[in-house]
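User: I'd like to learn how to read a structure like this one. Could you take me through it feature by feature, starting with charged pairs?

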Amino acid sequence: MSHTSSTTHPNRDAFPPGLSGPALRALHAAGIRAVADLTRWTEAELLALHGMGPKGIGVLRAALAAEGLGFRF
């Protein structure tokens, strides 16, 4: 992985494919480093992050469900 790729897409390997660069940067900026970290956040809080959208939330929701987890309510 080149330096540019890790800067443009931080934490890419920690999250499932399908997340955009802006969504990955939003997670990184919020201190979210792993799928399990998402359990401390509500969907609304994540959607409020600049760069996170409905598609990203869907990808993250599926990743959490695959691990038997979910967003905070």
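Analyst: Happy to. A salt bridge here means a side-chain nitrogen of Lys or Arg within 4 Å of a carboxyl oxygen of Asp or Glu. Side chains of opposite charge can pair when their charged atoms come close. Searching the whole structure turns up four salt bridges. This is a predicted model, where local features need pLDDT of at least 70, side-chain atom pairs count only at pLDDT 80 or more, and totals for chains, interfaces and linings use all residues. Residues are numbered from 1 along each chain as its sequence is written, and side-chain values use heavy atoms, with hydrogens and water left out.

User: How far can I trust the model, and where is confidence lowest and highest?

Analyst: Look at pLDDT, the predictor's confidence in each residue, from 0 to 100. The protein averages 91, and 90% of the residues score at least 70. Helices are DSSP runs (H or I, at least four residues), numbered from the N terminus. Confidence is lowest in helix α1 (residues 3-8), with a mean of 58, and highest in helix α3 (residues 43-47), at 98.

User: What about arginine 12: which side chain does it meet in a salt bridge?

Analyst: Its partner is aspartate 13, at 3.9 Å, N to O. Arginine 12 is partly exposed at 36%, while aspartate 13 is exposed at 64%.

User: Now the helices. Which residues of helix α2 are buried?

Analyst: An α-helix has 3.6 residues a turn, so residues three or four places apart point the same way. In helix α2 (residues 21-29), the buried residues are Gly21, Ala23, Leu24, Ala26 and Leu27. After α2 comes glycine 31, with a positive phi near 85 degrees. Asparagine 11, in the loop between α1 and α2, also has a positive phi, of about 65 degrees, although it is not a glycine.

User: And how many residues are in the largest nonpolar core?

Analyst: In soluble globular proteins, nonpolar side chains tend to be buried together. A nonpolar core is a set of buried Ala, Val, Leu, Ile, Met, Phe, Trp, Tyr and Cys residues joined through side-chain atoms within 4.5 Å. The largest one has 19 residues, and those with the most contacts inside it include Phe15, Leu27, Leu38 and Leu60. Both α2 and α4 give two or more residues to this core, with α4 providing the largest share, five residues. Leaving aside neighbours within four places in sequence, phenylalanine 15 has contacts that include Leu24, Leu27, Leu38 and Leu60.

Key. Buried means under 20% relative accessible area, exposed over 50%, partly exposed in between (1.4 Å probe, protein chains only). Contact means heavy atoms within 4.5 Å.
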